[in-house]
Amino acid sequence: MICFSFFVIYCSKDDNSQNTTNTTLYGLTQEDIDQALMIGDAECDMQMAVSIGMMGIGVETGGGTGHQLKQAGADIILNDVTRLFNLL
């Protein structure tokens, strides 16, 4: 876990297993978090975000195209991860 003045960041292994979803949910319940979002580059990242009611930001730098990420449930699509800083 990495803590900033406004952010708590959880990173999990890169797969689409129920274990990863459960680990993410558990991590969120251990903190006093009132807002959360998923930043990912694969369809499975966006599907997990949708499955737990989390906002999803898809980044076109990995396994998924913007169209695929949007179809999987991404709320926002970025073509470059550096654009994330402007968004946050």
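Which residue follows α2, and is its phi positive or negative? The residue after α2 is G53, and its phi is positive, near 75°. This description refers to a predicted model.

**Overall make-up**

The protein chain contains four helices and five strands. Their order along the sequence is β-β-α-β-α-β-α-β-α. Totals for the protein chain are collected below.

| Quantity | Value |
|---|---|
| Buried share of the 88 residues | 27% |
| Share of contacts between residues at least 6 apart in sequence that join residues at least 24 apart | 27% |
| Accessible surface | about 6000 Å² |
| Share of the accessible surface belonging to carbon and sulfur atoms | 51% |

**Helix α2**

Helix α2 covers residues 43-51, and its buried residues include C44, D45, M46, M48 and A49. An α-helix has 3.6 residues a turn, so residues three or four places apart point the same way.

Helix α4 is formed by residues 84-87, and L87 belongs to it. Is L87 buried, partly exposed or exposed? With a relative accessible area of 38%, L87 is partly exposed. Patches are made of residues with over 30% relative accessible area and no salt bridge, so L87, at 38%, passes the cut-off on area. L87 is one of the residues in a nonpolar surface patch of about 390 Å². The patch is made by L87 together with L37, I39, M55 and L88.

Note on methods
Residues numbered from 1 in each chain as written. Predicted model: local features only at pLDDT ≥ 70, side-chain atom pairs only at ≥ 80, totals over all residues. Heavy atoms only, no water. Patch = residues over 30% accessible without salt bridge, like charges linked within 9 Å, V, L, I, M, F, W, Y side chains within 5 Å. Areas by Shrake-Rupley, 256 points an atom, 1.4 Å probe, with all protein chains shown as cover. Salt bridge = Lys/Arg side-chain N within 4 Å of Asp/Glu carboxyl O. Helix = DSSP H or I, 4+ residues; strand = E, 2+ residues; numbered from the N terminus. Buried < 20%, exposed > 50% of the residue type's maximum accessible area, 1.4 Å probe, protein only. Contact = heavy atoms within 4.5 Å.
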